Structures are given as C-alpha cells and as structure tokens.
Amino acid sequence: MNIFLLGSSRWLWDYFLLATVLLAVVLIGGRLLTQPARRMAVHWSTASGLLLLALLCAMPGWSVVNLLSAPDRPSPTWVSELKSLADPALQTATLEPTPLQAPPSAAAQMFTDTTTVKVPVKNVAIDYGILISYAVAVGSILFSLWLLLGTWQVYRLRSQAKPAPPELKELLAKLATHKKVPELGVVAKLPVAAAIGLRRPMVLLPARFLELASPEKLKTVLSHELAHIRHRDLWLLALLRGLLLVLWAHPLYWLWRRRVRLDQETLADAAAAEVSSRADYAEQLVAMACETASVSRRLPLASSVGLWESPSQLKQRVAVLLDEKLTVLRSCTRRWRVACLIGTGSFAVAASLVTLSPADPSVSVVDKKTDVLAQSQEMLVLRVEVVDALGKPVARTKVTPWALRSSQGHGHWSKKEGKDEGPTAVVTDADGLANVLYPHHRYWGEKIQTTAVSLWIDHPEYGYIDDMHIDVPLEEAAPYRISLVRGISLEVRPTIDGKPTSLDGIYSMWSDGRSWLPGMKLGRPAEGVLRIPAMKPGTAEVRLVRMEREKATHFSEILTIDLKPEEAASIDAPLRPAQTIRGKLSDNVPRPVLQGRIKVQTIPKTGSSEMEWFTWVPVQPDGTFTIESWPTGEAIQLTALCDGFLATSGTAPQAVNNPRDPKTDPYLRPQVFEPTDSEPIEVSMTALARCVVDVVDNQGNPVADLEIGACPNVGWWNGGSQIYCSPLVRRERLQEVRSYTEAIDEGFLYPFSAETDTAGRVALQLPAGREDIHVKSEEYETPILLGNRRRRVQLVAGKTTNVKLIVQPKGTEQLGDWDKLAGIVLGCSTIEGKRVCALPGVTEKIESFRKRLAEADDPFNPALLAEAYEAIAEVLDDAGDTKEATNWRRKSAEQAAKIDGNETDQEKKLNSIFDERTNQKEGPY
C-alpha cells in the first residue's frame with residue numbers, strides 16, 4: 001500500500017470528522033445570534049479554526065486519543081506455513097535466538113529441496129478509504145481548475161473595464177470617506193455590479209446601469225460594494241475557497257458557506273440602505289433583479305462578490321430589509337471578535353488530539369512511556385561558583401557551555417548532537433552560584449557519556465575565560481570554583497601616516513577571546529579613540545583592521561602591551577596598507593587545475609588564536625592565485641588542495657614555540673612563507689593517495705548510496721587544528737557576522753567524502769599516511785573495534801589502496817558499552833580512565849596489546865580480540881570493578897567461541913567477495 005495515500009486517507013477521515021463537529025456547533029450556535037455582525041466574527045474564527053485543524057491533523061504524532069483499536073495482528077503467513085512443515089516435537093521446544101535471523105525468503109529456501117509449499121491465493125480486499133481519497137483528490141483538482149478559471153475571468157474583466165465617468169468617480173470618493181478609494185470601472189457584458197481584487201480592490205459596474213439607473217440608485221449600489229471591500233469580504237471569500245479544495249464534498253461546509261455569504265450581503269445591504277431607506281433599497285434590489293433576469297449570465301466569478309448571487313438569497317435579504325423589528329448593527333465589539341478567535345482556536349487544538357487511526361495493539365501503555373523516556377535526553381547539573389581574587393562571589397557573571405568531551409573526543413555542542421535543547425547560558429546569582437545544564441550523553445544515539453564540559457566565563461569588569469574545561473560529574477559535592485581577575489580596559493588610537501584617522505570601518509581583535517563574540521561593541525570614550533573591554537592584567541595583544549565592503553585595506557601590527565592593575569592603559573595603533581600576495585602551485589600539478597583553493601593564516605606569536613588573520617582564495621586554472629589583503633610583512637602559513645594533489649607538509653619555522661617531532665607528528669602541517677610584493681610564492685604539491693573502499697553488509701550484499709569519508713587534520717603552527725582546507729572562512733566576513741558557521745563560504749563541497757555506487761564501491765582522494773575511514777549513515781554503521789567505529793588505513797601517495805568495509809544495521813551495538821575500554825585503551829581524559837591507568841602495571845599491560853593490535857594484519861581476529869578483552873578484564877579486576885570486569889570476560893568468551901570454528905561460512909563468503917573485487921579491473925575512478 002502506498003504510504004502517502006494511507007497517510008492522506010487517515011488525515012482526510014480525521015479532518016472530516018473534526019470539521020463536522022466544528023461546523024455543526026457553528027451552524028447551531030449561529031441560530032442563537034440575531035446580529036449578522038456577530039455571526040461574521042464567528043465565521044472568520046471558524047475559517048481560521050478549520051485551517052488550523054487541517055495543519056494540526058497533518059502533524060505526525062500530534063494526535064494522542066485513538067477512537068478505534070486495531071485488530072490483533074496475525075502471524076505472517078510464512079511463519080504458520082513453516083510451522084506446519086516442522087516436526088511436531090520441535091513445536092514445544094524452547095529455541096534460543098540466534099545473532100542473525102534469516103529473512104523469510106531464506107528460511108523458505110531451506111525446504112525447497114524436499115518440500116513443496118502451496119500458498120493459498122487470497123481475495124484482495126478493497127480499501128475504500130484509499131478509493132475515497134482518490135475521489136476527493138480528483139474533486140479537488142476539478143475545483144482548483146474552476147477557481148483558476150474564475151481568477152482568469154476576473155483578470156479579463158479588469159483588463160476590459162473602461163474608466164467610469166468622472167461624476168461617478170467623484171461620488172465613489174465621497175462614499176469611501178477616509179478609506180482608500182478603490183478603482184471604478186465599467187464593463188459592457190457584466191450582469192451585476194461586483195467587487196474584485198484583494199490587494200488592489202476594484203468596483204465594476206455593468207454598462208447598462210449607467211443608462212437605466214438614476215444617480216441615487218447608483219449611489220446605493222456603490223455603497224453596497226464599498227461595504228464588501230471595507231469588511232474585507234473578499235479576503236474571507238478567498239479563505240473559504242481555499243478550504244473548498246478539501247471540503248468540497250462536505251454538505252455542512254456548503255450550508256455554512258451559504259450562511260457566510262448571506263451575512264456578508266446582509267451587512268452590505270445595511271450600509272446601502274443607510275443612503276436611502278430600507279424599503280426603497282429593497283424595492284431597488286427587486287427591480288434590478290427583474291431587469292437582470294433577461295440578461296444572460298455567464299459562469300459565476302470565482303474571485304468576486306456581486307450584488308446578488310441567487311433568487312433564494314435575494315428573497316432572504318429583502319425579508320431582512322423589510323423586518324422593522326430587527327435593527328442591523330454594522331459591527332461588533334473587539335472583545336467579541338477576540339473571544340471567538342480564542343474559543344475556536346482552543347477547540348481546534350483540543351479536537352486535533354483525537355484521531356480515528358487505531359492504536360497499535362503491539363505497544364502497551366507502559367511500552368509507550370518507556371519509549372518516551374528512552375527518546376529523551378537526561379540533563380545533568382554542573383554547579384559552579386564564580387569568585388574574585390579575594391574569594392568573594394561575583395554576581396551577574398555569564399557562564400556559557402559551548403563544547404563537550406567524551407571518550408570519542410572533544411567538540412562543539414549543538415542541538416543536532418543529542419536529544420536535548422542545546423547549550424544554554426546562565427548567570428550567577430548574588431552568591432556567585434549558577435547551575436549549568438549538560439547532557440548525560442555526549443552522543444545520544446550511541447549512549448556515550450559526557451566526560452567534560454567546556455565553558456566561557458564572561459563578566460564585563462573581569463578578565464574573560466574561554467578555555468575552562470571541567471571534568472564531569474564532579475568528584476565532590478561542592479560547586480566547582482572559578483576565580484576571576486579584575487580586568488583593565490585598554491584605549492587604542494588608530495593612526496594612518498602618523499595622523500589620527502576616522503573610526504569608520506575600524507575593527508579590532510584582542511587576545512582575551514571576546515573580540516569575536518556576537519553583539520560585542522567597542523567603546524568610544526573620545527574622538528578617534530576605541531576602548532577595548534576589560535582584560536586580565538599581564539601581557540595582552542591587540543590588532544586593528546580597517547575594512548571597506550568586507551575587504552581589509554589596512555592592518556596594524558600585533559601590538560603587545562603589559563596591563564598593570566589600577567593603571568590606565570592606552571596605545572597607538574599605526575595602520576599600514578594591506579599587502580597583495582601572488583603565487584602558484586608547483587609544476588607537477590597538471591593544468592588546468594581543477595577545484596583548487598588556498599587556505600592561509602598568520603602565525604600567532606604567543607599561541608593565542610584570537611590574533612590570527614586568515615582567509616582563503618581560489619586557484620585559477622593556470623595554477624596561479626592572488627591574496628589581495630594580507631598584513632604587510634607577516635609570515636604566511638598555507639595549505640592548498642585541488643583535484644588529485646595537496647600541499648606537502650611544511651617544516652616548523654623558528655617562530656614555533658614547541659615543534660613536534662615530524663616522525664611522530666599526527667598532523668599535516670602548513671608550509672610557511674615570508675612573502676614579498678615582487679616575488680610570487682610557489683607552493684610545493686604532492687599527489688593524494690587513492691583509496692577504493694568496497695562496502696557490503698553482514699550478508700555480503702553491496703550497500704549503495706552510503707557516504708564514506710575521512711577527516712584529515714592540519715595542525716596550524718602555534719595554533720589549533722581543523723579539517724584540511726575546510727571549512728572556507730574569510731576573517732573579514734567573520735568580523736562582520738560574528739558567527740563562524742554563518743561566515744562559511746559554500747563554494748566547494750567537502751573534499752574527503754563520497755557515496756558508494758550500486759556495487760557498493762567508492763573512490764576517495766586522501767592524504768598519504770594514516771587516515772581513519774568513517775561511515776555517515778542513518779541506517780548503517782561499522783562494528784566497534786576497541787571503542788571506535790572508525791577504520792584506520794595506511795595510504796601511499798600516488799598509489800591505490802583497497803579497503804574492505806563491512807557494515808551492520810544501526811542499533812546492533814552501542815559505543816556506550818565501550819566507554820570505559822576507550823578511556824583506558826585510547827588514553828582519553830575520562831575520570832575513570834585516568835584512575836584505572838594510574839594503577840601499578842596497568843599502563844604496561846595496555847601498551848602491550850595496543851602494540852599487538854597495531855601490528856596485526858586483521859584487527860578483528862577473534863583470538864586477538866579475546867586476548868585484548870581478557871587483558872581489560874584483568875585491569876578492571878585490579879581496579880576493583882568486578883562488575884565491569886565480568887562484562888569484558890563475557891565479550892572475551894564470545895570471541896573465543898569463534899576461534900574453534902575457524903572461518904565461518906559467512907566470513908568465507910565475505911572474503912571471497914572482497915578478493916574478487918580487489919582482482920577486478922577498476923572502473924572509472
């Protein structure tokens with residue numbers, strides 16, 4: 001069954017049922033209201049309620065009250081058929097579940113050699129709900145065409161209308177009073193007067209009216225149509241016609257729509273009757289109706305309101321006009337309109353919680369509650385206390401959680417990474433205390449626990465803290481104490497050629513981390529002076545940049561100043577014109593260069609990334625590039641990437657504080673240049689390695705459309721690390737928008753990932769050396785190996801490496817089960833991992849099998865894993881955690897059980913598939 005049609009039919013039945021209740025209440029209640037103005041307020045709220053009801057009924061999971069219950073679900077046919085073929089003695093046996101369940105087709109094939117299974121042919125039941133949905137859809141299409149035809153007719157009438165005589169326009173202007181005067185036109189073959197247009201209203205008069213009607217009669221006609229425009233009847237009519245696309249088959253809707261039109265005309269008649277008298281206007285309506293009866297009427301206009309629509313309506317309107325006991329009020333109170341909207345909206349929300357869709361009998365109420373709890377993230381509390389240098393509490397300090405750490409690493413915390421509300425800043429109270437909420441699980445889907453929370457600490461009178469990392473949960477009951485140092489403001493005077501310059505377009509970066517925060521503004525205590533917010537005493541850095549249209553034109557040097565307590569601090573900042581840098585890629589890169597880009601940064605002097613200037617530029621097809629705005633005289637560290645090549649790793653310059661040994665350095669490194677205006681720089685490039693990944697599921701079937709990728713990191717000199725040449729951000733843009741994600745340029749796709757083809761194969765271009773391959777999918781994941789799902793491969797520049805990757809359905813296992821193992825084996829900063837690793841002999845044991853694992857040809861070898869898991873169990877025994885040790889001995893036993901069977905049939909099948917693919921001639925990769 002088509003899922004969309006099924007969902008549509010359920011929505012249609014729910015909506016028709018609830019609309020029936022609402023319309024019935026409105027129609028019955030309308031009989032109790034004598035004033036059309038009050039009924040019109042009800043009509044407006046009813047139309048809004050019907051629209052709201054349609055939207056709420058369409059929301060998945062919104063309705064919670066099931067009026068019907070589903071019948072018991074019978075067992076699938078293939079199950080009963082297989083039972084009938086089985087030995088009766090086996091039907092009473094208790095069967096243990098197997099790790100991999102065969103699908104129905106595979107199970108049936110086990111009997112094809114000895115037994116013939118006859119499947120009875122069943123009559124196909126007709127789903128009348130789906131048929132009705134089809135019928136409603138066809139009707140909706142026809143009514144859509146009718147509305148489009150009416151709209152086209154109105155457009156033609158507007159274009160055919162001739163300007164009305166000046167005296168009629170003057171009359172219309174007098175009647176419109178303070179309202180905007182609509183356009184007035186005359187149409188030859190128009191049967192009755194009409195008002196058209198939502199945004200540009202227009203009154204149309206039949207040409208014969210000008211010949212037969214007196215000025216007094218035309219005055220009442222114009223008053224009638226002006227009333228429609230003033231009451232916004234055309235807008236309500238448009239809403240009703242929109243609902244008609246769904247409710248065209250609902251009889252109560254047509255009755256209600258008829259009531260709406262009658263009330264609209266009654267109020268318009270009341271306005272027209274004020275010009276003459278009720279009796280005279282009633283007589284005029286009848287006379288005009290008689291005159292119009294002889295005029296052939298064309299198709300009713302679907303986007304207008306006319307003087308009358310049907311004889312029966314005219315009869316009711318005349319009856320109201322001649323009823324001397326009824327005084328028709330022209331409007332109702334604002335309180336009544338608001339009450340109608342609130343009442344109808346509340347009914348729509350409450351009614352939308354009811355559905356005709358049957359409840360799932362396989363899920364009990366307890367299961368539903370458990371499922372809701374399972375789907376929600378548990379938020380824990382980190383209690384902090386902010387004090388000054390003397391230990392006194394600092395109130396009104398903003399504490400912002402921005403990143404989380406787990407056994408899988410450290411990174412920004414955002415809503416998409418868990419079933420939580422995302423990070424929320426808090427402010428300390430008078431005692432300097434604040435409760436910071438953080439998720440129990442850093443990665444909710446894998447149940448990986450949060451082990452540390454990173455905070456920003458901001459108070460305008462104190463030094464800013466942007467690198468506060470706190471291990472959680474706290475080992476003590478007391479709040480975590482954070483000490484602030486009273487800050488010192490710095491005044492900076494920008495100059496050009498030794499003279500003060502305007503502050504327009506001047507931006508500042510300073511070393512305490514506040515310069516990039518959203519909403520951060522610099523003070524201007526005097527003309528030509530900028531005041532930087534308070535920074536803690538000690539060495540501080542500042543740089544000024546002048547920009548025009550997101551292009552830097554002038555830079556100051558990175559200025560260093562020693563801030564001393566209780567002393568005013570000021571400094572001049574000479575600005576120099578920006579430098580232009582030109583360069584090219586080395587000649588070993590074939591021309592034309594495809595998808596080329598250069599990403600560059602300055603080298604921080606003190607390791608403070610706040611002072612970095614960075615940008616990126618594209619590489620031209622001839623291999624050249626131009627960096628138009630660069631701080632004059634400053635070294636440049638550069639990375640480059642294009643199809644098939646990336647820049648060779650550079651060597652540490654003298655400015656690097658603590659260079660790593662290149663033999664053990666895990667990062668790619670940028671090249672460093674001392675640029676000049678005259679000599680272009682040349683970037684040495686090396687070939688990327690080619691990695692061909694074959695992906696199958698645990699049944700040996702290729703998996704298509706699966707994203708496979710890697711995250712090679714570049715380690716900036718004296719700075720942090722990030723994905724090589726990604727993302728692409730210009731500092732000019734970041735200074736403007738103050739948001740790193742919003743400043744990212746989308747000119748290039750992420751370079752190190754691609755999707756598998758129909759054969760489950762994908763080719764990646766990756767840097768040579770060790771890289772970790774990962775799978776990004778909502779359905780599949782790679783099996784866990786020692787607390788991680790990434791697969792490490794060794795790649796050689798200019799050569800192809802074939803990788804075998806087996807994936808399994810998600811949910812087979814969770815990384816959360818491996819948290820403690822990752823904490824110990826991988827040496828990450830979990831509290832428990834640190835404690836266990838500190839025990840005597842633990843480090844030696846861990847390092848021993850880590851080395852064996854790294855040197856193994858097959859890291860998934862059951863014998864190796866059984867030994868590794870047993871070693872972990874012994875370590876946990878030494879730590880006194882017998883429960884966790886027992887868990888890992890169970891895992892060890894599971895691996896040991898695989899050893900005696902050697903290679904299973906499934907393993908033979910998978911290895912055969914991979915060997916066959918490796919030996920095939922490669923396709924167009």
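The legends below describe close-up views of a predicted model.

**View 1**
Glu610 has a relative accessible area of 12%, and because the limit for a buried residue is under 20%, Glu610 counts as buried. Beyond its neighbours within four places in sequence, Glu610 is in contact with Asp466, Met509, Trp510, Ser511, Gly513, Ser515, Trp516 and Arg731.

**View 2. The aromatic pair Phe143 and Trp254.**
The count of aromatic pairs comes to 11. In the pair shown here, the ring centres of Phe143 and Trp254 are 6.2 Å apart and the planes stand at 45°, so the pair is tilted. Phe143 belongs to helix α5 (residues 128-160) and Trp254 to helix α10 (residues 251-273), so the pair ties together parts that are 111 residues apart in sequence. Trp254 is partly exposed, at a relative accessible area of 34%. Both residues are members of a cluster linked by ring pairs, made up of Phe143, Trp146, Trp248, Tyr253, Trp254 and Trp256.

**View 3. The aromatic pair Tyr750 and Phe752.**
The centres of the two rings lie 6.0 Å apart with their planes at 85°, so Tyr750 and Phe752 form an edge-to-face pair. Tyr750 is partly exposed, with 31% relative accessibility, whereas Phe752 is buried, with a relative accessible area of 1%.

**View 4. Charged side chains over the rings of Trp717 and Trp888.**
Arg669 places its charged end over the ring of Trp717, 4.9 Å from the ring centre. At Trp888, the residue over the face of the ring is Lys891, at 5.2 Å from the ring centre.

**View 5. A nonpolar surface patch that includes residues of helix α1.**
Leu17, Val21, Val25, Val64, Val65 and Leu67 make a nonpolar surface patch of about 480 Å². Helix α1 (residues 3-30) gives the most to this patch, with three residues. Another member of the patch, Val65, is found in strand β1 (residues 65-66). The relative accessibility of Val65 is 39%, so Val65 counts as partly exposed.

Note on methods: Residues numbered from 1 in each chain as written. Predicted model: local features only at pLDDT ≥ 70, side-chain atom pairs only at ≥ 80, totals over all residues. Heavy atoms only, no water. Buried < 20%, exposed > 50% of the residue type's maximum accessible area, 1.4 Å probe, protein only. Contact = heavy atoms within 4.5 Å. Phe/Tyr/Trp six-rings, centres within 6.5 Å; stacked < 30°, edge-to-face > 60°. Helix = DSSP H or I, 4+ residues; strand = E, 2+ residues; numbered from the N terminus. Lys NZ or Arg CZ within 6 Å of the ring centre and 35° of its normal. Patch = residues over 30% accessible without salt bridge, like charges linked within 9 Å, V, L, I, M, F, W, Y side chains within 5 Å. Areas by Shrake-Rupley, 256 points an atom, 1.4 Å probe, with all protein chains shown as cover. Salt bridge = Lys/Arg side-chain N within 4 Å of Asp/Glu carboxyl O.
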